[in-house]
Amino acid sequence: MINTTSNSMLILALNLTGLCICASALTYLYIQYGFSATWVLILLVALSLNGYIFSLFQKHNKRLSHVIKALANGDSTLGLGVRDPMRQHFEKVKKQMQSARFNAEQQAQFLQALLVHVDLAVLVCDDQGNIIESNPASAKLLGISANHLSQLQHLGQLVLATNKRLRSSAQWQQGEQQDTLSIQVSVAEIQGQIRKIITLHSIHDALLLKEQQAYKRLTQVLTHEVANSITPLSSIAQTCHSLIPDSLTFTDQEDKQDLSLALNTLASRTKHLGEFIERFRNVSSLPSPTLAPLQLQPLLEQIVSLHNSQLTQHHITCSISIKTSQLIMLDLGQIEQVLINLFKNAIEAIKIAEQNSSTSSEERLITVTLDQNNAQQVYVEITDSGLGVAEHVREMIFVPFFTTKQQGSGIGLSLSRQIMVNHGGDLVYVTREKGACFRCIFG
């Protein structure tokens, strides 16, 4: 303030000095050349106005400089009086800015809370692939908290390669768990910068359900058509056999025996085919599970005890590893059917390996594991030390009617998987270095 006052006084002194000099010069001109008093007065007024305007301009400049310094120092009063018009206008502007900032913060907090609570995985990245924003659902779905699209392997490459709207699907491997993801990408320009908004969600369960429904419809059609053809064949064969009179003679007695044998064989085979088709109907008429909270450990121990005689007979060692005691909602009868089927398959796999190669008793192992995966889903894993499943067969093992066994029906694994799907889970084959491993995942 002292500097401002000194500057003002200096400007005033300079103006007065200038006026005095101008007045002296005009007086001298008037005496020498006879200028009129009117012109002298006009020149004096002009000089005075010029000096006043100049001083007023300097005053406003200094005031503006003072206001800017006050803003830079965080002084909300601007160094002005309470009733100063500039300060009053500034207070109005400040309130409007505070209101706009508050509304923007509220909107940002709302969007942040929405991202946290929504189950859909959402990622926002720039055109260089740097992930700017992501919600917890994305880390849960992908199994990692990524900072760059390069960490998402082929998914990241797919997003980086697109410069427009994209809808696609891709496989995603999280540990040993295979998933199918639906991907949607939108590209927008925000404040002159490119932003890609990526949404991801799993469609594995939906695809699996569609697949099971397709198999179910196919099975219903096939069993209906085949059963309608087999049933009359068995009846006709039995009728024909009963109509052969004892007195009927043939040129060769063996011909009569062959005819009788053929009719009996036809009746027997059609009966077995009928039973076979009836078992297939189980796939298409599986009842909905009656769920109840149960622990799996007692059930696993019971299934192992049930097969103790077979394990002893074939010198198979069985171990149970329990790593969780969480209650599961399940239908005891149906899950027991699944686990018994998988356990029998494990025993048969070791028996086949024993026949095809010389295996020591130490290598005849079945391991039953109860644990949780990264998605906190409880699973039961049955692993054997057999020959495993050939790579070219793995994609077909859950298809109804498909089997690699000579006496197999192709029902067991298909039916087991459908039971697990009805429980909100899945039955998958897990690749191991040796032997086969089937994992029952509970939803």
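Biologist: Why does Arg101 count as exposed?
Modeller: Exposed means over 50% relative accessible area, buried means under 20%, and partly exposed is in between (1.4 Å probe, protein chains only). Arg101 comes out at 60%, so it counts as exposed. Bear in mind that this is a predicted model, where local features need pLDDT of at least 70, side-chain atom pairs count only at pLDDT 80 or more, and totals for chains, interfaces and linings use all residues. Residues are numbered from 1 along each chain as its sequence is written, and side-chain values use heavy atoms, with hydrogens and water left out.

Biologist: What makes Glu105 and Arg101 a salt bridge?
Modeller: The rule asks for a side-chain nitrogen of Lys or Arg within 4 Å of a carboxyl oxygen of Asp or Glu. Here the closest N and O atoms are 3.4 Å apart, so the pair passes. By this rule the count comes to five salt bridges.

Biologist: How do you know that Glu105 and Arg101 are separated by about one helical turn?
Modeller: They are four residues apart in helix 3 (residues 85-117), which means about one turn. Helices here are DSSP runs (H or I, at least four residues), strands are E runs of at least two, and both are numbered from the N terminus.

Biologist: How do you know that the buried residues of helix 8 line one face?
Modeller: The buried ones in helix 8 (residues 296-306) are Leu296, Leu299, Leu300, Ile303 and Val304. Looking down the helix axis, they fall within an arc of 135 degrees, so they line one face. That arc is taken from the directions from the helix axis to the C-beta atoms.

Biologist: What makes a set of residues a nonpolar core?
Modeller: Its members are buried Ala, Val, Leu, Ile, Met, Phe, Trp, Tyr and Cys residues, joined through side-chain atoms within 4.5 Å. The largest one has 40 residues, and Leu296, Ile366, Val380 and Phe438 touch the most other members. Helix 10 gives the most to this core, with nine residues.

Biologist: Which residues is Leu296 in contact with?
Modeller: Contact means heavy atoms within 4.5 Å. Leaving aside neighbours within four places in sequence, the partners of Leu296 include Ile328, Leu330, Leu370 and Phe442.

Biologist: Is Gly425 buried or exposed?
Modeller: Gly425 has a relative accessible area of 7%, so it is buried. Gly425 is in the loop between helix 11 (412-422) and strand 11 (426-429).
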